[in-house]
Amino acid sequence: MRTNQVLDGTDTADEAHLDEQDVKDDVFHTLSNRRRRYVLTYLHTNGGHATVREISEELAAWENQVPRAEVTYKQRKRTYTSLIQIHLGTLHDGGFVDYDSDRGDIELTDDGAALASVLAEDLLVGDGADGADEDSVGGVRGWLSGIRDRFGSRRE
């Protein structure tokens, strides 16, 4: 995924900064869609493992603001199709979930668990007018640093 190839084998400060920006862009792209955030949240709050069917039913309920038992076939199918065609692949490619498309199993990775934890605890802190507090901002910075280290080692 690395966009700025280093031809001479050494990284300069500018290249390292670009790598960090690439990592942030990858993470924020992954999080740019509500369904992907919902998948991470669902997995985080339900033991880290689920099937595509389970997640599609729950997400359809959340998105349509109805109890899970009242989700229609059309609502579930629309969500299911979107998950398998787009969102689970993006989450898998980003390293946030392990997705077995043959079995329909999804499992949260360590990176996914870290991200879901930040979403649940750090980014959502401070619903009031003052917004996120300093601990929240520090938590996000620390998390991004850890993700950069993990993703940076996978870039070529």
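In helix α3, the residues V52, I55, S56, E57, E58, L59, A60 and A61 are buried, where buried means under 20% relative accessible area with a 1.4 Å probe and protein chains only. Helices here are DSSP runs of H or I with at least four residues, and strands are E runs of at least two, numbered from the N terminus. This is a predicted model, in which local features need pLDDT of at least 70 and side-chain atom pairs count only at pLDDT 80 or more, while totals for chains, interfaces and linings use all residues. Residues are numbered from 1 along each chain, and side-chain values use heavy atoms, leaving out hydrogens and water.

**Helix α3**
- The cover over its buried residues includes α2, β1 (49-51), α4, β2 and β3.
- With 13 residues, α3 reaches 18 Å from its first C-alpha to its last.
- Just after α3, Q65 takes a positive phi of about 50°.

**α3 meets α4**
- These two helices pack at an angle of about 115°, and their axes lie 8 Å apart; axes are lines fitted to C-alpha atoms over the stretch in contact, and angles run from 0 to 180 degrees between N-to-C directions.

Technical notes. The expected span of a helix is 1.5 Å times one less than its number of residues. Buried means under 20% relative accessible area, exposed over 50%, partly exposed in between (1.4 Å probe, protein chains only). Contact means heavy atoms within 4.5 Å.
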